[in-house]
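Trainee: I want to go through the labels used for this structure and see what backs each one. Could we take them in turn?

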Amino acid sequence: MNIAIQFAYLIASVLFIIGIKKMNKTKEARTGNQLSALGMLVAILATVVQVEAISLVEILICIVIGSAIGLFISIKVEMTQMPEMVALFNGFGGLASLSVATSDYWLKTQELGQQVGPIIGTSAALSIFIGGLTFTGSIIAFLKLNGKISGKPIMFKGQHLLNLLLLIAAVTAAVVALMNQAEPIYVFALIAVALLLGILTVIPIGGADMPVVISLLNSYSGMAACTTGFVLNNNVLIVSGALVGASGIILTQIMCKAMNRSLTNVLLGGFGQTASETGGDGEEMVVKEVGVEEAAMLFDSATSVIVVPGYGMAVAQAQHVIRELSEQCEKRGIEFRFAIHPVAGRMPGHMNVLLAEANISYDKLIEMEQINDDFSNTDLVFVVGANDVVNPAARSNPKSPIYGMPILNADKARTVIVSKRSMGVGYAGIQNELFGYDNCLMLFGDAKSTITKVVSEMKEM
């Protein structure tokens, strides 16, 4: 029986690895997700058959309740809310690790009166600490993205010193707890410090850096699960946790590189601390507005078009009407492509998913590094809801908080049309210098509505 269980865990681990590998490519991402889900099902079934403390009926009831909640959330949540939902799921993962490690440690040391060894004890302490920090940190990230609390950094004097002292207190509590396993108060102290530290490490981070934080917290949740696997002596939990932890760190590094930021810089203070600064030299920006009819004429006369999608496109749910726009352009022999910034839409892959949902061919979704040199030879760039990722201040204004961040070279095209509801700032909280450029035209209004009108105008031409 034990051999069969271990073999099932091996199969699950292999499915996890293959699934994550396939998620690296847009065309194979759906298959990768399905394989990972299958691996999780195998792991759950292999674990369930070993449980003796509770009945199968009780387990099935919990599975049904959890599945119902997950199904409800998946149906209710919009794609625009996906980043904040990822943050929330990270938090629940951390809470699960904290709860399991604490309960197992309590069972062995308090109920059974046993002494746990240094490896199990250290693993339990790490699981509790990382899980607690991940839980409250993720909740703060969720609330910031959800708008329940301000996305601006919350700073106070001596904040970093306080965090350092709390970290020292956590290590001390963990060591004392292992030395005095009969006294549970030290474990509770560790939990309290971890929960508080999670809040204090995320509140000073600005909204523009929140995607990086979410990715990092995702890695934390994986590491917490991995250490919990050592506590439970569960191989598949160790493997899956390590995979999530490693992939989360890799994604965090990719996002930091895409934003030209160091992880230390993100954690010690985000864009929001200088969000009040404006682009350029502070002079009032003069913008030129374009109407629907003129925009349609510009599309009709172009030979090449690049669309830069952003979070605003997701909010307006404009991806389907953009597909109609692409069809109208392609009927006229116009080259029509999409430029995807690594962190567009707040989370990597967000725009790819939305555009694929509208049946837009994968080969038209071009990564920044592959398309940036083409902007200077492009007749028309259509920016839909993107802001910071096309802000020339990242190249030209050393005082800008996004200076040095790799951006899409939309401003180098012959003509740029920007679809926005208003002149509101982007997620970094700064003005976009592009809007005042001579070759930039502003198409104000709801993206879905205005693009629909543009498509209608083109059909009548």
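**Labels and their cut-offs**

Mentor: Start with serine 138, which lies in helix α5. Helices (H or I, at least four residues) and strands (E, at least two) are DSSP runs, numbered from the N terminus. This is a predicted model: local features need pLDDT of at least 70, side-chain atom pairs count only at pLDDT 80 or more, and totals for chains, interfaces and linings use all residues. Residues are numbered from 1 along each chain as its sequence is written, and side-chain values use heavy atoms, without hydrogens and water.

Trainee: Why is serine 138 called buried?

Mentor: Buried means under 20% relative accessible area, exposed over 50%, partly exposed in between (1.4 Å probe, protein chains only). Serine 138 has 0%, so the residue is buried.

Trainee: What does serine 138 touch, beyond residues up to four places away in sequence?

Mentor: Ala87, Asn90, Gly91 and Leu217. Contact means heavy atoms within 4.5 Å.

Trainee: What makes serine 13 buried?

Mentor: Its relative accessible area is 9%, therefore serine 13 counts as buried. Serine 13 sits in helix α1 (residues 2-22). Leaving aside neighbours within four places in sequence, serine 13 contacts Val236 and Val239.

Trainee: Why does proline 211 count as buried?

Mentor: Relative accessibility is 6%, so proline 211 is buried. Its place is helix α8 (residues 210-232). From proline 211 to asparagine 234, 23 residues along the chain, the C-alpha separation is 31 Å.

Trainee: Why is asparagine 233 called exposed?

Mentor: Asparagine 233 has 66% relative accessible area, so the label is exposed. This residue lies in the loop between α8 and α9 (235-258).

Trainee: Why is glutamine 317 called partly exposed?

Mentor: Its 27% relative accessible area falls in between the cut-offs, so glutamine 317 is partly exposed. The residue lies in the loop between α12 (311-316) and α13 (319-331).

Trainee: How many cavities of 30 Å³ or more does the search find?

Mentor: One. A cavity is a set of points on a 1 Å grid over the protein atoms alone where a 1.4 Å probe fits but cannot get out; lining residues have an atom within 4 Å of a point. The largest cavity holds about 50 Å³. Grid points are joined across faces, edges and corners, and a volume is the space filled by probe spheres set on the points.

Trainee: Which helices each supply at least two residues of that lining?

Mentor: α5 (118-146), α6 (159-179) and α7 (185-202). α5 gives the most, with four residues.

Trainee: How many residues of the lining are nonpolar, polar or charged?

Mentor: Nine are nonpolar, one is polar and none is charged. Ala, Val, Leu, Ile, Met, Phe, Trp, Tyr, Cys and Pro count as nonpolar, Asp, Glu, Lys and Arg as charged, and the others, Gly among them, as polar. Gly121 is one of the lining residues.

Trainee: How do you know that the radius of gyration agrees with a compact globule?

Mentor: The radius is taken over C-alpha atoms; the globule rule is 2.2 Å times the number of residues to the power 0.38. With 461 residues, that rule gives near 23 Å; the protein chain has 25 Å, so the two agree.

Conventions:
On a 1 Å grid over the protein atoms alone, a cavity is a set of points where a 1.4 Å probe fits but cannot get out, and a pocket is an open set with protein on both sides within 12 Å along at least five of seven lines; lining residues have an atom within 4 Å of a point.
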